[in-house]
Amino acid sequence: MFKLLVCFCITNIIITIKSQCYQGQWECKDSACIRYIKQCNGEFDCRDQSDELDCKNCTSDAWPCKKNDKCIKNSLRCDGTKDCPDNSDETDCVTCLQGAYRCNNSECIRESNRCNGYRECSDNSDELSCDICKFSGFRCDDRECILASYRCNGKIECRDSSDEKDCDICKGQSWKCNTNQCISRNQICDGKEDCEDKSDETICICSDQQVKCDNKICIHASQVCDGINNCYDNSDEKNCRTPCNKLEWTCHSGQCIETGQRCDGTAHCSDKSDEIDCFCSEAKFNLVIALESSESQFLKLFLQDLLRDIAVNNKNVRVGIMGYGDQALTIFQLSTTARKVDMLDAVTNFKWSFSHNANYEAAFSNILVMSTPDDNDKRQNLQTILIFTTSTLDESNYLSAAKGAKLVQENGVKIVAIGVSLKNETYLDLIASPPADENTLAVQYFEDLHLEARKLVSWLCPKDQLLKGVPQNNLTTSTTDKETTNSTNLPDLIIVLIVSLVVIIIVLVLTIVSIKLKLLEKLGCFSSRNSTNAKQKKDYLDIDHYDYLLQEKRNSDSKITQELKNGLKQFISSIMFCS
């Protein structure tokens with residue numbers, strides 16, 4: 001009996017809780033009450049919007065979504081705005097309401113979303129056949145619009161692939177083909193030719209001085225286990241014998257020393273391997289390095305890789321370093337007591353500042369001061385070589401840079417110009433020493449600079465031809481080559497002159513013979529015509545004959561003189577043409 005009473009009481013309590021709304025009302029999930037006819041009418045009458053959920057049937061002025069059992073107003077159907085969670089109110093539309101755009105697949109979107117670079121239509125038809133792309137979007141060659149950020153990112157977004165062509169810089173983890181096409185770095189050496197020029201696969205053939213990474217890219221053997229991810233997949237840093245960091249150099253014995261102690265003229269490794277295979281060990285020249293202030297960590301890596309294998313000491317090669325931006329500052333002066341370790345420490349401690357417009361006038365003025373020969377320098381016949389990096393060279397400042405470079409070159413300095421992320425790399429030709437195509441280098445990013453350090457070292461001091469005295473390499477213009485060219489062309493010029501002279505003489509002789517023949521013919525005709533005349537006219541004829549012969553001689557002399565003049569003119573013209 002007691003148990004039944006308890007159950008009855010609990011049941012009564014539950015019934016009391018659920019019957020808060022009056023008859024003809026519907027209770028929302030938050031216990032609020034609305035009129036029953038307002039449930040599933042397409043309008044939210046409950047504050048928690050529960051009156052439009054779990055609707056099996058919608059009222060006549062509402063439209064049922066295909067999923068979620070939700071009702072919306074009929075006026076919201078095909079208006080270009082998503083009201084149903086499944087967007088079914090904007091599909092299978094015969095027409096779209098005013099202010100909406102009908103996709104090719106019968107979906108409706110807002111007209112304002114047309115050609116904005118975002119794909120609103122599931123078939124992407126809202127971004128096709130666009131005359132103008134909104135919000136500075138990128139317009140593909142086939143008039144499709146995509147977001148500007150998709151341009152040159154290594155991923156094909158345009159149907160015609162035009163977003164990855166003619167790229168000045170490839171963004172993110174993309175790689176630039178030789179044809180200025182951008183592809184993903186994952187596509188390099190994957191066995192498939194993704195670049196139009198196939199350059200993504202041709203770089204996979206390694207030379208004797210290179211090793212192949214796990215991703216099949218080739219790098220120089222000296223870059224293995226140097227603490228830098230040169231392979232991009234870090235395979236060049238695997239299985240290294242010693243944990244030397246990126247600021248250290250690994251001896252053959254596994255010992256770690258400072259990078260600045262490599263090739264400085266003093267053995268620091270226990271096996272003396274740090275003084276083996278050093279470049280420029282017999283060369284004597286000054287090297288000035290001018291760096292535009294920007295990505296400091298990459299500039300430090302570049303200098304470290306550039307100077308690491310060069311025999312920098314007081315006897316042969318000396319190095320000066322400067323940084324420039326709004327102003328030019330000397331980082332390390334050319335000195336007779338300079339040590340490579342001190343140079344790299346000075347670069348590390350230098351306070352770099354980024355500048356959008358470098359002061360090239362100040363930079364080259366400082367270079368002139370740094371490259372001025374030291375009276376106490378006992379080295380003779382020195383050559384000064386300038387490695388000049390720039391990342392802001394463009395049409396607004398190239399004249400100032402070219403003017404400063406010309407002044408420096410006139411003072412005997414040879415310039416190698418390196419551009420980083422330049423929009424127009426041809427401006428480098430105005431800075432570099434001739435021939436410009438051999439003395440210019442361009443990279444896409446600052447992080448790529450250190451990868452080119454080995455090439456610069458080879459330019460300075462070829463391993464198979466160690467320099468002695470003044471560097472004679474492709475950084476300088478060889479006068480011997482010019483003399484050889486001139487001496488080679490001289491015999492050809494003499495032959496041309498001789499042939500021309502012979503032709504002119506033959507023409508003159510033929511002309512003279514022709515005139516003489518014509519004169520004899522005329523004299524014969526005159527004599528025959530006058531043989532039948534009367535004797536009483538003899539004196540008159542004799543006088544006339546004499547005058548006629550005299551006139552003919554004058555005419556003949558005049559023609560010969562004119563022919564000689566014409567021949568002389570032809571001779572002079574041929575000489576001028578040949579020269």
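**Salt bridges in the predicted model**

Arg308 and Asp309 are joined through their side chains by a salt bridge, with an N to O distance of 3.7 Å; a salt bridge is taken as a side-chain nitrogen of Lys or Arg within 4 Å of a carboxyl oxygen of Asp or Glu. Both Arg308 and Asp309 are buried, where buried denotes under 20% relative accessible area, exposed over 50%, and partly exposed in between (1.4 Å probe, protein chains only). The structure is a predicted model, in which local features need pLDDT of at least 70 and side-chain atom pairs count only at pLDDT 80 or more, whereas totals for chains, interfaces and linings use all residues. Residues are numbered from 1 along each chain as its sequence is written, and side-chain values use heavy atoms, with hydrogens and water left out.

Under the salt-bridge criterion, the count is 14. One of these pairs Glu43 with Lys73, at 3.0 Å from N to O. Glu43 is in the loop between strand S2 (33-35) and strand S3 (62-64) and Lys73 is in strand S4 (residues 71-73), so the contact ties together parts that are 30 residues apart in sequence. Strands are DSSP runs (E, at least two residues), numbered from the N terminus. Glu43 is partly exposed, its relative accessible area being 34%, and Lys73 is likewise partly exposed, at 31%.

A salt bridge also links Glu193 and Lys198, whose closest N and O atoms are 3.9 Å apart. Lys198 is partly exposed at 42% relative accessibility, and Glu193 is partly exposed at 48%. Elsewhere, salt bridges connect Arg119, Asp142, Glu144 and Arg159 in a network.

Conventions:
Helix = DSSP H or I, 4+ residues; strand = E, 2+ residues; numbered from the N terminus.
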